[in-house]
Amino acid sequence: MTALVSARSLSYAIGGKTLVDDVSLDLEAGLLTAILGPNGAGKTTLLRMLTGELKPTIGSVRMGDETLHTIPAWRLATRRAVMTQATSVTFPFTCYEVVRIAMQSPRRKAASASAMDDTVVEAMAVADVLHLADRFYHTLSGGEQQRVQFARAVCQLKSSAQFGMPQVLYLDEPTSNLDLRHQLMLIAAARTLATAGLAVCAILHDVNLACSHVDRIVMMKSGRAVASGRPAAIVDRSTVRNVFDVDILVCEPPPAGTPYVLPFTQRPG
Amino acid sequence: MLQAVGQTSAKGRGIRRAGKLMLALALLSAAGAPSIAAERLQIVSVGGSITEIIYALGAQERIVAVDTTSLYPPEALRTKPNVGYLRALSAEGVLSQNPTLMIAAEGAGPADTLGLLKSAGLRVVLLDEQPSTKSVIDKIDEIGRLLDLKEPAQALSTKVRKEFEDLDARRKTIAKPLRVMVILGFQSGRAMAAGRKTAADAMIALAGGINAAGAMDNYKQLSDEAVIDAAPDALVMAQRGDDDVLPANIFDHGAFKATPAAATHTLIQMNANYLLGFGPRTAQAAHELMSRLYPTTAAAKP
Amino acid sequence: MSAEAATAAQVRSFVAGRKRRTHLGFLILALVVILSVVVALTSGPIAIPPQRLWALARSTFDGQSSGQSSPGLARDALVLFNIRLPRIVLALLLGAALGVSGALMQGLFRNPLADPGIAGISSGAALAAALMIVLGHHITGVDAALMQTVVMPLAAFLGGLIATMFLYGIATREGQTSVATMLLAGIALAALAMACIGLLIFISDDRQLRDITFWTLGSLGGANWQKVSVVAPMVTLLLGAMPFLARGMNALSMGGAAAFHLGVPVQIIKTVCIVLVALAVGVSVAAAGTIGFVGIVVPHLLRLAIGADYRALLPMSAMAGAALLVIADAIARTIVAPADLPIGILTALIGGPFFLWLLLRRNRNIDL
């Protein structure tokens, strides 16, 4: 499998501080990749470089056979969608409108209005937010807003599927405000998208969620990628101790043989 | 005005019915009609002194509208339509009064409005508004000419000129000119005084005084120190209305206590429009001010 | 699954309802604009009844110069076509420009309090105008008429433009414009401009002071076809860019990063938006002084009525702004006839209470 997005030796420094330090990373179609790490590890900065929002100080990101920064925004938007941590919307847009904005970027080939409405409904169903369609976005709870944004990102990709280009979905802590059911639902939806051929890259905090659902994990600490690989291969006591500064017990419960972790105390000194 | 509209709209209907032939006839009849100039003048008077002069000439019934600065005589604004402030005239508003002539003080506008009025065929005459005796007399003569009232205008300007000449004569008898400060009002206890380049400055000179606030231009608020430094021998309060309130016992507190005027309690209150209007009553105003500044000279002549 | 299908059906009917509402909104606004123009054409200190409009139009087109047909008709034709009509057209253009600019600036700055002049145009233009009113004669040496008709409007336009370019320059680093920086710098610049105007007021005489006051309140009194011909192209540019800007504005309401992710050329949108608004508002301010309130109230009013989608909001802001200004101006020239009331007073008097009423009766869950 060839890498859809391939980042080489990415570094990002601002104000004399290096936020991301020499990280390389491949995102492959059909795979769900999770970036894990403590607060301030540089996860979001890394993601912003992968999405094209930030230009790396050193290194470069390639998408397909192009350098990310040479791809104009409107074309990039047909190939990758991003769901950021918390997105506020300034004016009283309904959720339906928020999702539909995904199809409004200039230069986008105009589909018929009804086809666009179909795509919106489809995307909202994936994120289980159809019942929120007529609600004003800013009146929703944080979790509901996250799901609407997920629907928006899905809508963006679904509406560009016609171009036949491989697509990437970036999720920055998509489950941070979600209840248990919706956490699992969102991850499952992401998995479905990956199965359909997308590359999905998510920053997650819940190590268990990552371990049980993703194909690859990249562990970050202090701007560096300290470990990467299949969950079973890299999530062990010493790595987690090292990355998160917590003591854990790695257990292997009966189903599927995926590891899960149980933080119980902070690592002394 | 209603009548005029009815008449013209009847004409409009006539044209519409009869078509081009009728239009041609209307053109002919319009050409044969008496010219506007020969009709009775309908004047829009813009500027306090201009309105005052027209009233003084007894031609007030020719005024169809005045502006907000036409404060004297008071019935002008009471009985005539008001076209607004002289710097913010409305073209359609002025035209709605069916004027044949607009006499306005220099500075009336805005310029775009004046342009529209002229393009509408209204004769617009702008008169010089310098605060000087010459300007007053010129204005009277010019308005007399415009209104075809040369004789009354001649009489008025002769009278005014004589009054000014008397004033000059009286002024020469003043032994020691007083330092006079004209105050237009008080804001939070501080006096708004008239400096150079103001009508008040010219009036002080006419009345034989020296402007105590002559170190500055225009109307400005004076600090307490500036009041003391100006050292006025007399204060002249220009009152906007009858109910202008003076700070109680102005000489008892603040900077004015330290002025020479306080020693003699010389506070003269005069109507602002009368004092500063530079119209036909200006000579009288100057006489009055002079009499009140120099009571001994007053005996000489009214 | 059938429950989901039912929800989907509900959503579709909700969307269809919104669309109908938007179409109805456009229809109503179009009628309001037409009605306001007719009312404005037939109201003013000079009585021209509606049935006379046709006769006047005929006489103007029939005879090459209407001046010869009949004195009354000629005068009315002149009032209608050279005074009232340019005024109405200018009101339409300015109202549309202010409405659209307000909506755009609120979107660009993601700030519901933004007004059309927020990007420095108002401050710069006001300072330049005050400068010309007080010191113009000393600086340029031209006479009063030329000053008022050409020099001052030009100065106001340039002042606004320079201020905007200055703010834009300050806020732009490495090709990225920070709207937050621009907003803050704009506040600083406004304070600075106010201080300079205060200084000018201090050295001004009575008449100049009143000129500044009148200018600040705005007036369409000096409208003529020449002004219309200068204002029209700038406003047309702005209105023509609406479809392009609307999509970008919708995305920008989620922030610059999100808009970029959605494929919006954020920097181009920002630049186009600022330049077009600066031109349109700058030329408006030059033509009629500052007219407040239209740009801030109209977009909010429409958001409460039809929602925030810029694709409907922008054209509707243009229509509603135009209608509001035409009506306000019609009142301005009749209420104290034959004098003119500054139009800024009226836009605030009409818009303010209406807006407050809307805020009071609106659904609590709509937050600006």
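The model is a predicted one.

**Helix α7 of chain C**

- Helix α7(C) runs over residues 206-217, twelve residues in all.
- From first C-alpha to last, α7(C) reaches 17 Å, which is close to the 16 Å expected at 1.5 Å a residue.
- The buried residues of α7(C) are Asp211(C), Ile212(C), Phe214(C), Trp215(C) and Leu217(C).
- These buried residues pack against three helices of chain C: α4 (121-140), α6 (179-203) and α14 (343-361).

**Ala241 of chain C**

- Ala241(C) sits in the loop between α8 (225-240) and α9 (242-252) of chain C.
- Ala241(C) counts as buried because it has 21 C-beta neighbours inside 10 Å, and the cut-off for a buried residue is 20 or more.
- Apart from neighbours within four places in sequence, Ala241(C) is in contact with Val272(C) and Leu276(C).
- Between Ala241(C) and Asn111(C) there are 130 residues in sequence and 21 Å in space, taken C-alpha to C-alpha.

**Where chain A touches chain C**

- The contact involves 35 residues of chain A and 31 residues of chain C.
- On the chain A side, at least two residues each come from α2 (73-76), β6 (80-83), α3 (95-100) and α4 (113-126).
- By type, the chain A side has 19 nonpolar, eleven polar and five charged residues.

**The largest nonpolar core**

- The largest nonpolar core holds 304 residues, and those that touch the most other members are Val99(A), Ala151(A), Met203(B), Ala129(C), Val277(C) and Val326(C).
- Helix α3 (residues 71-108) of chain C gives the most to this core, with 22 residues.
- In chain B, domain 2 (38-168) and domain 3 (176-298) each supply at least three residues of the core.
- Ala151(A), one of the residues named above, touches Val99(A), Ala123(A), Met124(A), Val126(A), Ala127(A) and Val129(A), when residues up to four places away in sequence are not counted.

**Chain A overall**

- Chain A has nine helices and twelve strands.
- Its radius of gyration is 19 Å, close to the 18 Å from the globule rule for 269 residues, so chain A is as compact as a globular protein of that length.
- The C-alpha trace of chain A spans about 60 × 40 × 35 Å along its principal axes.
- Of the 269 residues in chain A, 49% are buried.
- Among contacts in chain A between residues at least 6 apart in sequence, 66% join residues at least 24 apart.

**Positive phi in chain A**

- Ser9(A) is not a glycine, yet has a positive phi of about 45 degrees.
- Ser9(A) belongs to strand β1 (residues 3-14) of chain A, and is exposed, with 12 other C-beta atoms within 10 Å.
- Glu173(A), also not a glycine, has a positive phi of about 45 degrees.
- Glu173(A) lies in the loop between β7 (168-172) and α6 (180-195) of chain A, and counts as buried, with 21 C-beta neighbours inside 10 Å.

**Chain B**

- Chain B has 13 helices and ten strands, and 44% of its 302 residues count as buried.
- The peptide bond from Tyr72(B) to Pro73(B) is cis, with omega near -5 degrees; Pro73(B) is in the loop between β2 (63-66) and α3 (75-79).
- The bond from Gly109(B) to Pro110(B) is cis too, with omega near 0 degrees; Pro110(B) is in the loop between β3 (101-105) and α5 (111-119).

Definitions and conventions: Residues are numbered from 1 along each chain as its sequence is written. Chains are lettered from A and ligands numbered from 1 in the order in which they are written. This is a predicted model: local features need pLDDT of at least 70, side-chain atom pairs count only at pLDDT 80 or more; totals for chains, interfaces and linings use all residues. Helices (H or I, at least four residues) and strands (E, at least two) are DSSP runs, numbered from the N terminus. The expected span of a helix is 1.5 Å times one less than its number of residues. Two residues are in contact if their C-beta atoms, placed from the backbone, lie within 7 Å. Ala, Val, Leu, Ile, Met, Phe, Trp, Tyr, Cys and Pro count as nonpolar, Asp, Glu, Lys and Arg as charged, and the others, Gly among them, as polar. A nonpolar core is a set of buried Ala, Val, Leu, Ile, Met, Phe, Trp, Tyr and Cys residues joined through C-beta atoms within 7 Å. Domain bounds come from an automatic or database domain assignment. The radius of gyration is taken over C-alpha atoms; the globule rule is 2.2 Å times the number of residues to the power 0.38.
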